[in-house]
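This briefing concerns the structure shown below.

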Amino acid sequence: MYDSTLADAPAIREPLHAPVAHLVRGGVTEGIHYGSVVVLGERGEVRLQLGDIEAAFYPRSALKPVQAVAMVRAGLPLDGELLSLAAASHSGEDHHLDAARRILALAGLTEDDLRNVPDLPYGAAQRDAWIRAGRPASRLAQNCSGKHAAMLYTCTLNGWSLHDYLDPAHPLQQAIAEIVEDLTGQRTSRVTVDGCGAPLFAVSLHGLARAAARITTAAPGTPEARVADAMRDHAETASGTGRDVAALMRAVPGLLAKDGFEGVEVAALPDGRAVAVKISDGANRARIPVTAAALVRAGVDPALLTEFAGEPLLGGGAPVGAVRPARTLDPVPVPVPVPAPVRACA
């Protein structure tokens, strides 16, 4: 049904990305990462935009908090660690796999009921250990297994069919599509298939930032607040030990953050300030320093973000440069009022 309160779907076009990060080696710019960035203020106003924040794009796993909200609205009763896993791109650590099994058990199901793509663990250490042990790829180890387990649990609670839960026409996916549009404030441009097999919706970067702000500013106890609380309280469950997105949430009080493949990051604060980043070439090395710079532009204390300034570039094993955000992301200096000169009495 047409919803007149929603903005039009973002245009499908080649995004007009801008330089957002430079690779500086020995004082010389060796490379440039292009992308787009949006920073929203407390009232949802755009404080900064670089590149093309209104073109249609795929947010990949950065959309998982929105999908989790949709499942909670549909009756998913999870909270805490298990709800965090439902919104996770997890590393495949033992506690991730155990949590996914617990969700499936609540639904009376097993790993065999999952329809995500079998894969090795996403975390490098976990993947290496998996390979050394000679273990094959599995659906449980794949980084989206928590989301898929939660999808199945939501289906069982609503009496929906299980075998086709990834079909875009399935009631679950229709419910998710409705919430994606509700939270982003715009109709979606296209539906495709994400890497894990679930439907993926094309939105704008601006819409993704709006959705994150809607989640973090929601009233306590609402589905949005439950998802935000779960992810912030269990940041390593939503990602993994040593992952930058977990470290970012630990570093900035109240911050909700979620990464996605192909250089996507979204982050929002409880007062509604939010940022969203898309690196056009999908480079992770640019994603975090650009996100950190955008958060500074949103008003986050730079002292909280020093560890996210960018990974060093090495020469002969020693640092000789770094990935640096573009100068267009530098903080804007606040002008200091100059008092008017005092005139002597005549």
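Which elements each supply at least two residues of the lining of the largest cavity? In this predicted model, they are α1 (64-73), α7, β8 (256-260) and β9 (264-268).

**The cavity**

- The count comes to 1 cavity of 30 Å³ or more, and the volume of the largest cavity is about 70 Å³.
- The lining of the largest cavity is made up of 13 residues, and those closest to its centre are Ala62, Pro65, Ala212, Leu256 and Val266.
- Helix α7 gives the most to this lining, with 4 residues.
- By residue class, the lining of the largest cavity has 12 nonpolar residues, no polar residues and 1 charged residue.

**Helix α1**

- Helix α1 is largely enclosed by the rest of the structure, because 9 of its 10 residues are buried.
- The buried residues of α1 are Lys64, Pro65, Val66, Gln67, Ala68, Val69, Ala70, Met71 and Val72; one of them, Pro65, is also among the residues closest to the centre of the largest cavity.
- Gly75 follows α1 and has a positive phi, near 110°.

**Thr216 in helix α7**

- Thr216 belongs to helix α7, which covers residues 205-216.
- With a relative accessible area of 7%, Thr216 is buried.
- A polar atom of the Thr216 side chain lies 3.3 Å from the backbone oxygen of Ala213.
- In an α-helix there are 3.6 residues a turn, so residues three or four places apart point the same way.
- Leaving aside residues up to four places away in sequence, Thr216 touches Arg232, Leu256, Ala268, Leu269 and Pro270. Of these contacts, Leu256 is also named among the residues closest to the centre of the largest cavity.

**Val180 in helix α6**

- Val180 is part of helix α6 (residues 171-184) and is buried, at 0% relative accessibility.
- Beyond residues up to four places away in sequence, Val180 touches Leu63, Val66, Thr188, Phe201 and Val203. One of these, Val66, is among the buried residues of α1.
- Val180 and Leu85 are separated by 95 residues in sequence, and their C-alpha atoms are 19 Å apart in space.

**Cysteines**

- A disulfide is a covalent bond between the sulfur atoms of two cysteines.
- The whole structure was searched, and 0 disulfides were found.
- How far is the sulfur of Cys196 from the closest cysteine sulfur? The distance is 3.9 Å, to Cys144. A disulfide requires sulfur atoms within 2.5 Å, so the sulfur of Cys196 is too far from that of Cys144 for a bond.
- For Cys155, the closest cysteine sulfur is in Cys196, 14 Å away, and therefore too far for a bond.
- Cys155 counts as buried, at 0% relative accessibility, and Cys196 likewise counts as buried, at 2%.

**Arg43 in a loop**

- Arg43 is placed in the loop between β2 (28-40) and β3 (46-50).
- Is Arg43 buried or exposed? Its relative accessibility is 73%, so Arg43 counts as exposed.
- Arg43 and Arg273 are 230 residues apart along the chain, while 7.9 Å separates their C-alpha atoms.

Technical notes:
Residues are numbered from 1 along each chain as its sequence is written. This is a predicted model: local features need pLDDT of at least 70, side-chain atom pairs count only at pLDDT 80 or more; totals for chains, interfaces and linings use all residues. Side-chain values use heavy atoms; hydrogens and water are left out. Buried means under 20% relative accessible area, exposed over 50%, partly exposed in between (1.4 Å probe, protein chains only). A polar contact is a pair of N or O atoms within 3.5 Å; within protein, one must be able to donate a hydrogen and the other to accept it, and residues adjacent in sequence count only if both atoms are side-chain atoms. Contact means heavy atoms within 4.5 Å. On a 1 Å grid over the protein atoms alone, a cavity is a set of points where a 1.4 Å probe fits but cannot get out, and a pocket is an open set with protein on both sides within 12 Å along at least five of seven lines; lining residues have an atom within 4 Å of a point. Grid points are joined across faces, edges and corners, and a volume is the space filled by probe spheres set on the points. Ala, Val, Leu, Ile, Met, Phe, Trp, Tyr, Cys and Pro count as nonpolar, Asp, Glu, Lys and Arg as charged, and the others, Gly among them, as polar.
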